[in-house]
Amino acid sequence: MLLLEILKYPDPFLKTKASEVKSVESEVKTLIASMIETMYLAKGIGLAAVQVGVAKRVIVLDVPDENVEERQKGKNLVALVNPVIVKAEGETKYEEGCLSVPGITADVMRASTVAVRALDREGSPIQIEATGLFAIALQHEIDHLDGVLFIDRLSRLKREIVKRKLKKAFEAERAL
Ligand code: ZN
């Protein structure tokens with residue numbers, strides 16, 4: 001197992017559209033295991049392969065139950081290969097953040113309920129119905145596989161403000 005480096009905005013790789021995984025072989029299983037460790041170390045609730053520089057349609061999530069103070073690591077852990085949203089209903093707004101866009105959060109509109117079809121980490125087909133934060137996180141992670149960041153989903157004005165902030169932070173970091 002290997003800890004992976006999480007790419008940060010404005011790394012151009014984050015715009016990559018990932019390819020489908022042809023079969024869930026050991027290489028993909030190792031990637032999943034490493035992504036899970038990397039997600040936990042970074043204290044994230046989700047991570048997409050594109051964020052660690054791999055152009056494969058793989059995401060991992062462990063979204064804590066709502067209204068639960070102490071997070072039970074691994075309780076809701078899922079690894080999904082080739083996830084596809086097959087149903088999206090309702091609307092919800094949530095203040096999202098992202099391991100690849102540190103220091104920024106913003107309200108994003110998403111579907112409130114989704115159904116996702118995918119393969120699990122053994123390569124078996126599964127379908128997941130999700131609501132609440134889990135539904136939001138699934139949409140956020142699947143977006144990463146299409147090279148889309150949550151800041152790309154903001155209104156143009158808000159996006160410009162956020163991008164200016166990020167540019168300043170990036171330049172300040174480089175100046176050190
Ligand atoms: Zn993200």
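Why are H140 and H144 separated by about one helical turn? They are four residues apart in helix α2 (residues 132–145), which means that about one helical turn lies between them. This is a predicted model, in which local features need pLDDT of at least 70, side-chain atom pairs count only at pLDDT 80 or more, and totals for chains, interfaces and linings use all residues. Residues are numbered from 1 along each chain as its sequence is written, and side-chain values use heavy atoms, with hydrogens and water left out.

**Zinc site**
- The zinc ion has the protein donors C98 (SG), H140 (NE2) and H144 (NE2) at 2.0 to 2.3 Å; donors are N, O and S atoms within 2.8 Å of the metal (3.2 Å for Na, K and Ca), and water is not among the atoms, so sites may look incomplete.
- The spacing of the donor residues in sequence is C-x41-H-x3-H.
- H140 and H144 are both buried, that is, under 20% relative accessible area (1.4 Å probe, protein chains only).

**Nonpolar core**
- The largest nonpolar core has 20 residues, of which I59, L61, L80, V114 and L138 touch the most other members; such a core is a set of buried Ala, Val, Leu, Ile, Met, Phe, Trp, Tyr and Cys residues joined through side-chain atoms within 4.5 Å.
- Its largest share, six residues, comes from α2; helices (H or I, at least four residues) and strands (E, at least two) are DSSP runs, numbered from the N terminus.

**Strand pairing**
- Strands β3 and β6 run antiparallel and are joined by six bridges; strands pair if DSSP finds at least two bridges between them.
- Seven bridges join β6 to β7, also antiparallel.

Technical notes: Buried < 20%, exposed > 50% of the residue type's maximum accessible area, 1.4 Å probe, protein only.
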